[in-house]
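This report covers a predicted model.

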Amino acid sequence: MGPAVLSGLPLALGLALVLPSAALENGLALTPPMGWLAWERFRCNVDCRADPRNCISETLFFEMADRLAEDGWRDLGYKYINIDDCWSAKKRDAAGRLVPDPERFPRGIKALADYVHGRGLKLGIYGDLGTLTCGGYPGTTLDRVKQDAQTFAEWGVDMLKLDGCYSSGEEQAEGYPEMARALNATGHPIVYSCSWPAYQGGLPPKVNYTILAEVCNLWRNYDDIQDSWDSVLSILDWFFANQDVLQPAAGPGHWNDPDMLVIGNFGLSYEQSRSQMALWTVMAAPLLMSTDLRTISPSAREILQNRLMIQINQDPLGIQGRRIVKEKSLIEVFLRPLSQGASALVFFSRRADIPYVYTTSLAKLHFPEDAVYEVQDVYSGEIIRGLKTGDNFSVTVNPSGVVMWYLYPVAQPWRIVRQQAPREGFRPVLL
Ligand code: GLA
């Protein structure tokens with residue numbers, strides 16, 4: 001943007017455009033990261049003799065990489081394949097370096113990274129700022145931060161989840177920013193996911209989201225997700241109860257992370273799976289699936305591979321959505337503003353009886369007056385044309401399910417006239 005344009009702007013806005021952004025300046029994760037993360041589905045299963053197909057081993061990651069590349073995931077944006085805890089040997093090597101478990105990762109992490117890159121994917125790894133990882137493997141104490149950053153970079157790792165078991169608040173306040181510097185100093189681009197705020201209760205004054213956005217690309221704010229609807233609901237409740245704090249913290253390069261998608265596993269119904277996907281998308285959350293892509297059902301796959309959903313999740317403005325209505329009827333409405341005047345609306349039912357017919361209007365949802373929208377239902381694909389702000393409409397929301405809409409403004413007639421016929425002497429006519 002040139003100075004001529006800037007000079008026309010109010011001073012404060014002009015300054016905001018020229019001052020460096022407050023985000024971590026590694027240029028990464030400009031939209032929420034998408035991919036696959038081992039933890040929720042595969043945990044710390046290290047018994048490859050008893051369970052060779054599901055244990056944490058290079059085979060699991062080679063196989064998931066194949067699925068990501070061949071079953072349409074990568075091309076939709078699911079690019080990261082991320083190792084979680086329990087990958088390493090129980091001891092560092094003689095030089096003090098982290099090493100993978102030699103039986104479960106005989107070819108080493110570098111070979112895995114090469115393979116993953118060859119398939120057009122990126123590799124993530126897990127570390128823990130502290131004496132041990134949460135699963136009891138070697139952690140990264142403050143004196144090891146630089147060395148471990150260097151090791152990950154040499155292996156060609158593209159993302160690091162740095163957990164915070166077995167460290168104090170003081171060590172975390174020093175170690176998380178130190179790791180950000182160490183990763184940048186390697187010269188290898190590594191997306192940096194911090195569990196720091198989750199260990200500090202996720203809220204100010206203990207968590208400073210301004211500082212966090214300068215240190216990390218994404219961060220876990222809250223408890224681990226489990227394979228149950230109760231767990232998904234508790235995460236939703238916490239994130240939206242605290243939206244005034246959390247919502248402004250997110251943006252390109254710096255995201256809140258409500259944890260993995262558990263769609264495709266055992267705990268969520270079809271409706272609940274659609275709800276997790278829609279609500280994570282409204283939260284501008286990273287889409288990190290933790291499911292067995294070798295056996296995933298067609299219906300779970302369809303939810304996770306919904307193109308319009310992914311487009312909304314990845315909207316370049318990167319504005320996190322908010323809950324805007326909580327009805328006594330147990331219907332809740334969520335809104336995420338998108339680029340080019342578009343928005344996403346999610347109507348969510350906490351009811352446990354029958355599909356509920358919810359009637360409202362865009363005016364009641366605070367949309368601009370006199371606007372006209374075209375609406376696409378994100379799951380059914382149905383299109384509604386010419387919806388005016390004042391029109392009442394109804395959606396039928398299933399128990400624990402959602403209806404999700406993508407709305408884009410249809411230019412008002414007078415705007416079209418004004419934009420398309422800027423000739424002198426022409427007076428737009430308000431229709
Ligand atoms: C913590 C993290 C989880 C997972 C486990 C691994 O609980 O929050 O996401 O990484 O550790 O042990």
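The text below takes the sheet first, then the helix, then the pocket.

Eight strands form an open sheet with parallel pairing, in the order 7-6-5-4-3-2-1-8. The edges are held by strand 7 (255–257) and strand 8 (287–289), and each of them has a single partner strand, so one side of each lacks a neighbour in the sheet. On average, neighbouring strands of this sheet are turned by 25° against each other, direction ignored.

One of the pairings joins strand 5 (residues 191–194) to strand 6 (residues 218–220); the two pair in the parallel sense over two bridges. Within this part of the sheet, Ser-193 has Leu-218 of strand 6 as its bridge partner.

The largest pocket holds about 230 Å³ of space. Its lining consists of 17 residues. Which of them lie nearest the centre of the pocket? They are Cys-134, Asp-163, Tyr-199, Arg-220 and Asp-224. Strand 4 (159–163) and helix 9 (196–199) are the elements that each give two or more residues to this lining. The table gives the lining by class.

| Class of lining residue, largest pocket | Number of residues |
|---|---|
| Nonpolar | seven residues |
| Polar | two residues |

Conventions. Residues numbered from 1 in each chain as written. Predicted model: local features only at pLDDT ≥ 70, side-chain atom pairs only at ≥ 80, totals over all residues. Heavy atoms only, no water. Pairing = 2+ DSSP bridges. Helix = DSSP H or I, 4+ residues; strand = E, 2+ residues; numbered from the N terminus. Axes fitted to C-alpha atoms, helices over the stretch in contact; angles between N-to-C directions. 1 Å grid on protein atoms, 1.4 Å probe; cavity = no way out; pocket = protein on both sides within 12 Å on 5 of 7 lines; lining within 4 Å. Points joined across faces, edges and corners; volume = space filled by probe spheres on them. Nonpolar A, V, L, I, M, F, W, Y, C, P; charged D, E, K, R; others polar.
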